[in-house]
Amino acid sequence: MKYIGQSMKRKIDPRLTSGQGRYIADIHMDGALSAAFLRSTHAHARITEIDLEQARNLPGVVAVFGPDEAADLPCLPVVFPNPNLISVTQRPLDRTVHHVGEPVAMVIAASRYIAEDAVDLIKIKYEKLPAVSFLEDAARPGAPLAHQHMASNLAMHISQSIGNAHEKMKEADVVVSHRFEIGRVSCLPIETRGLLAKWSHHQPEPVLEVYAATQSQHEMRKILSETFRISEHQVRVIAPDVGGAFGAKAPFYVEDMLVPWASLQVGAPVSWIEDRMEHMMSCIHEREQIHEATLGVTREGKIVAVIDKGLASTGAYVPWGVIVPIITSSLIPGPYRVTDYACEIDVFYTNTVPLAPYRGAGRPQAAMILNRLLDEAAHVLNMDPLEIKRRNLIQADEFPYRTGLLSRDGKPQIYDSGNFPKLVETVQLEGEYARWRKLQEEYRKQGRNVGIGTVVCIENTGFGNYEGATVRVEDTGEVTVFTGAATQGQGHETSLAQVAAEVLDVPLEKVIVREGDTSLFPYGTGTFASRIATIAGNAVYKAAQKVKQHALRLAAHELNVPENALELAGGYVRKKDEPGIHITLGALSHAAKGGAPGKTYDLPTDPMLEATDYFAPEGAAITSMSDMAVVEVEPETLQIKVLHYLSVHDSGKLLNPLIVTGQYQGGISNGIGNALYEEIVYDREGQLLTSSLMDYLVPSSTEIPEMTIHHIETPSPLNPLGVKGAGESGSIPVLAVIQSAVQDALRHTGVKIHKIPVKPLYLKEQLSKAALEQGEVAIQ
Amino acid sequence: MTEKTAESSRLKTITLKVNHKEYTVDVEPRMLLSDVLRDELRLTGTHVGCEHGVCGACTIMMDGRPVRSCLVFGVQADQADIVTVEGLESQDGELHPLQKGFWEKHGLQCGFCTPGMLMTACHLLEHNPDPSREEIREAISGNLCRCTGYQGIVDAVEYAAKEMRERAE
């Protein structure tokens, strides 16, 4: 193929590297005012007094809004309702606060500087309520309640099973158990959130225009139209260049309601750019779960049964349902053949920032559980940890494979395709697994703690419901592609252009992708869940195919040549055996408009050389990966260094290997941050202890190792292009592979690694515990 | 005293050169240089990612040194000679070898950290025309990127170093 599958340089880069990007904070609008929020300093409290007068009197302040002024605003909508879920969503400027960082008042002023001055002048008194912050505290009977109207903190009980794991476990030759304590992290795009709202009253109906750093402009439009009780055509939401998102910019937040609302109140455009501290204390977090899991295997290492019991936090609200632990529960078996499985996860409210999908979305947790249990079983059986994983994989000839579980969309979970054994073979070969095992022994003799971690896991990518695309040929011969998607760095402007260029055989530079604007395409679900290449990509493919048919029929008419004698090539439709007889796509676009005004339309095709089509997948395309990490733990400082990192991915047919490799590298780097450095920490009262980048450690170029990436391409049978998602998959194996490697490096000490992130201080504590236990054994 | 005069009496007049062009602006003493560049001079290529000097997105060259413009007040930049990402291209609009390198080697995804990365890398290559990968990693370790995992960035800086050495020969 000429375009699809080629590592083409990104079309957007010259603009972004020369400072010509247009991010939300770069948009200048005459007369725009700035917003700043007063945020709660308590995790759970009732506002007893609030005095806005002094703030209102500060020169430059236009308006100050508190709970009274915002009393008529609705709670945020329930985005992923579930009959078993007790949903509590956030109310803008509520009188009762449920986590530190919740907005309680809003200032609109001539500049952000003045707005922040005014925030300091607001006088507020709280009556503190009992707060619950730690997940295990929230789960205890009699715990303080995160929401006073609830009988307990339980939001939902999730239960998934295959066969009868509890009975079957009794038949296992070896049973191992492990506890997993997975810390909370922030998505942390380098660009924070932000929006700019403007109302216009110069048209028949009021029109709201919102620029927003969002992953989902159409969803935002829907909620805004409901909030202001106007129809969707009166709301336009535009996602300009967006500086990364990773999940942070998918949910609809109270600020997204308050800024347009304030703009309506003050009659001027209002902008708000989140600062980093606000980001840490109000933008969604993820990962926090605790699991106690048990695996039974035969003497040969075959999986007999898997039982998992977990706790998950959803924070103070459910901005995205409780999708994250639901995904975890459905993916613990992952790439392995598991006939008997039981999983029970209780999801609890706590007085902390809400949790919603961060790149990986519950899958990194799932990947840890069975992979790490297999490590432990291999240790008991004196078997190689990669070998025990290999022995339990679903085989390439078993697809479509029904797991017996329900997927996150509530339908039976079916894996479409893959070649898991080949992933492992590639790791062994390209990662030089055997050589590293030998080196490890040599290092051990020198007193060096080197460990090798391995993992095999999957991601169910490309969920529905659908995406659409319009492909239009312009009179200039250029091709414009409109989609309902939005990009935050994934390079859609290039990869989606490659699809249209391939079908229509036009040079890539002649294809322009336009997206991230509700006025360009009627509806789109959004850019998350590794879905755009798969879903929008195939929508572009289908629409381009229609345009191609249209062009051939029209060219046959214009050139007076049978349609089947024609082909598209290099921006022309030409006669296959007589290329001199041709017409440009631009001329066809002009012709398709039907000639001079008043002329009777007599063409054999519909007007305009364009087509719109949709792609709705029947199920998820399964991306699979196997990673290997080699780490060294420095004996004195217990610093962990990644010596070698290899990742083998199967994302089906790749549209652009350069972009896909970049996605994996970025995902792995997020995973390494998650596994070794990053953690959002609250104290027991719900005070946030990590509210700046001085305490929340984002890995830099000196922490992230060189990564070796290998691609395997098993096409998905579920879409015409055969593609599978790639956006999140890089992050999924990393927690497991790093913990696996650290455990391997320190196995001889008797230490047990339960926690993520694995930090030197934690290792020190665990090593002391292990030494103590071994000491006791020795005494006995 | 009216509000207007109270405000204007707080303002300081500064003159600074940015990308070879001289500007004179009245700023509040507390206004950050990053805000002066972005809001007063409308040079929005310099991005603000944390406002506490950790992420490095706002890095610019000031009198030949890379500085975080969110940690400098505008008034401290009086008489300074500043280069921002908008000033990296040559006069005839040709991309700087670093900009080219980032394009060739997929050194950016969302592009938000890129201006700061470019300015830091620019300083590195001025002082070390042939850096090792290790040295590149060390040099850019004060600039956070959340998208690329840094590998493409290191490749891009290596690419630019090579191109700049070849040009110099």
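## Close-up views of chains A and B

**View 1. The contact between chain A and chain B.** The contact (heavy atoms within 4.5 Å) takes 56 residues from chain A and 45 residues from chain B. This is a predicted model, in which local features need pLDDT of at least 70 and side-chain atom pairs count only at pLDDT 80 or more, while totals for chains, interfaces and linings use all residues. Residues are numbered from 1 along each chain as its sequence is written, chains are lettered from A in the order in which they are written, and side-chain values use heavy atoms, with hydrogens and water left out. About 4300 Å² is buried between chain A and chain B, and carbon and sulfur atoms give 54% of this area; buried area is the accessible area (1.4 Å probe) that two parts lose on being put together, summed over both. Thr17(A), Tyr113(A) and Ile190(A) supply 18% of the area that chain A buries against chain B, more than any other three residues.

View 2. Six salt bridges are counted between chain A and chain B, a salt bridge being a side-chain nitrogen of Lys or Arg within 4 Å of a carboxyl oxygen of Asp or Glu. In the one between Asp117(A) and Arg30(B), the closest N and O atoms are 2.8 Å apart. On the side of chain A that touches chain B, the elements giving two or more residues are helix H1 (13–17), helix H3 (112–120) and helix H17 (657–677). H17(A) gives the most to that side, with eight residues. Helices (H or I, at least four residues) and strands (E, at least two) are DSSP runs, numbered from the N terminus.

**View 3. Salt bridges within the chains.** Over all chains, the structure holds 70 salt bridges. Arg184(A) and Glu288(A) meet through their side chains in a salt bridge of 2.9 Å, N to O. Arg184(A) lies in the loop between strand E8 (174–182) and strand E9 (185–186), and Glu288(A) in the loop between strand E14 (285–286) and strand E15 (289–297), so the pair ties together parts that are 104 residues apart in sequence. Both Arg184(A) and Glu288(A) are buried; buried means under 20% relative accessible area, exposed over 50%, partly exposed in between (1.4 Å probe, protein chains only). Arg95(A) pairs with Asp68(A) in a salt bridge whose closest N and O atoms are 2.8 Å apart. Arg95(A) is partly exposed at 31% relative accessibility, whereas Asp68(A) is exposed at 54%.

**View 4. The largest nonpolar core.** A nonpolar core is a set of buried Ala, Val, Leu, Ile, Met, Phe, Trp, Tyr and Cys residues joined through side-chain atoms within 4.5 Å. The largest one has 179 residues, of which Leu295(A), Ile738(A) and Val742(A) touch the most other members. Helix H10 (residues 363–381) of chain A gives the most to this core, with ten residues. Not counting residues up to four places away in sequence, Val742(A) touches Val631(A), Val633(A), Ile640(A), Ile753(A), Val758(A) and Leu763(A).
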